[in-house]
Amino acid sequence: MSSNSAPTRKWRVLVIGHSVATMVPDRASRLDGPYPELVEQTLRAEGFDVEVRNAGKEFTHIGHGVRAYQEITAGWSADVVIVNYGVVESQAPFIPQAVYNHFQTWDVGTSRIARAYRRRVAPWLWTRLRKTQRRAVKLMGDRGHRVGPQRFVTLFNQLIFLARHEHRLVLVLDINPPGPRITHSLPGAQERRDRYNELLHTVVHDAQVRDPDGVRLIRSSAVVEELGLEKALPDGYHFSVEGHRRVADMVVAEIEAFVARTTA
């Protein structure tokens, strides 16, 4: 859409999800942003007055997303809500989140003892904890999840209901297949992903039956199928620069169609 025909209204886009929405493992510069940044850049280049707020956060799940949605939209009325959850929820909960956050941090400590712990002890502990996790998760099989299947579906439906009650467009990204590094660390990750991806697709399908134009599925996993795992997900989990660009193009197309319908 040209700048002459683009509506003068400011369009607000909220992204809620885990680190797939925020991290680019192979970025070479600040210009190589994640897909939320690229969505804003592309729409602005096409003449839209748009603001994208990325509330994605590492290792969060759909329960956090419902709370973030309610907190942010209370004072910042989004027109589009992009939802990017599923893979964390499907994981076996062997390592508690608080423990995970303790080891996965940039905090190097302020005292000499704390710095020594972070430099020598923490990496040693984390390596052994991950080895124990691999053995434990293999024994757990398909039992246990960070968010159980029924609760996952309930929370997803709740989020869609809240957003559509205010006539916001809901774009749901599906779940990427895990790369070899992930399946090595978390045996059974592929099967867990497949199950939750099926749940996600069913939630979106049922919502579309009721509301075809209000809820849309973004098959981001198709980018992985097209580019291949190594090229699309360099670390086995997060999109590459090219992966983010392709996802952004898919999102932009849906937002442009939504704006056209809304302003017709």
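**Close-up 1. The second largest pocket of this predicted model holds about 220 Å³ of space.** Its lining has 14 residues, and Lys 57, Glu 58, Phe 59, Thr 60 and Gln 97 are the ones nearest its centre. Two elements, helix 2 (62-73) and helix 4 (97-103), each give two or more residues to this lining. Sorted by class, the second largest pocket is lined by seven polar, five nonpolar and two charged residues.

**Close-up 2. The largest pocket has a volume of about 870 Å³.** Look for Glu 58, Tyr 100, Gln 104, Arg 130 and His 238, which lie closest to the centre among the 23 lining residues. Helix 5 (112-140) and helix 7 (180-185) are the elements that supply two or more residues here. Helix 7 makes the largest contribution to the lining of the largest pocket, with four residues. The class count for the largest pocket is ten nonpolar, eight polar and five charged residues. Glu 58 is a handy landmark when moving between views, as it is listed for the centre of the largest pocket and also for that of the second largest pocket.

Close-up 3. Searching the whole structure turns up two cavities of 30 Å³ or more. Around the largest cavity there are 15 lining residues, with His 18, Val 20, Val 87, Ile 175 and Asn 176 nearest the centre. Nine of the lining residues of the largest cavity are nonpolar, five are polar and one is charged.

**Close-up 4. The second largest cavity contains about 90 Å³ of space.** Its lining includes Val 87, Ser 90, Val 137, Pro 178, Ile 182, Arg 192 and Arg 193. Helix 3 (87-90) and helix 8 (189-210) each provide at least two lining residues of the second largest cavity, and helix 8 provides the most, three. By class, eight residues around the second largest cavity are nonpolar, two are polar and two are charged.

**Close-up 5. Strand 3 (residues 80-84) is largely enclosed by the rest of the structure, because five of its five residues are buried.** Val 80, Ile 82 and Asn 84 are buried on one side, and Val 81 and Val 83 are buried on the other, so both faces are covered. Strand 1 (residues 10-17) runs parallel to strand 3 and is joined to it by five bridges; here Val 13 has Val 80 as its bridge partner. Strand 4 (residues 169-173) also pairs with strand 3 in the parallel sense, over four bridges, and Val 170 of strand 4 stands opposite Val 81.

Notes: Residues are numbered from 1 along each chain as its sequence is written. This is a predicted model: local features need pLDDT of at least 70, side-chain atom pairs count only at pLDDT 80 or more; totals for chains, interfaces and linings use all residues. Side-chain values use heavy atoms; hydrogens and water are left out. Buried means under 20% relative accessible area, exposed over 50%, partly exposed in between (1.4 Å probe, protein chains only). Two strands pair if DSSP finds at least two bridges between them. On a 1 Å grid over the protein atoms alone, a cavity is a set of points where a 1.4 Å probe fits but cannot get out, and a pocket is an open set with protein on both sides within 12 Å along at least five of seven lines; lining residues have an atom within 4 Å of a point. Grid points are joined across faces, edges and corners, and a volume is the space filled by probe spheres set on the points. Ala, Val, Leu, Ile, Met, Phe, Trp, Tyr, Cys and Pro count as nonpolar, Asp, Glu, Lys and Arg as charged, and the others, Gly among them, as polar.
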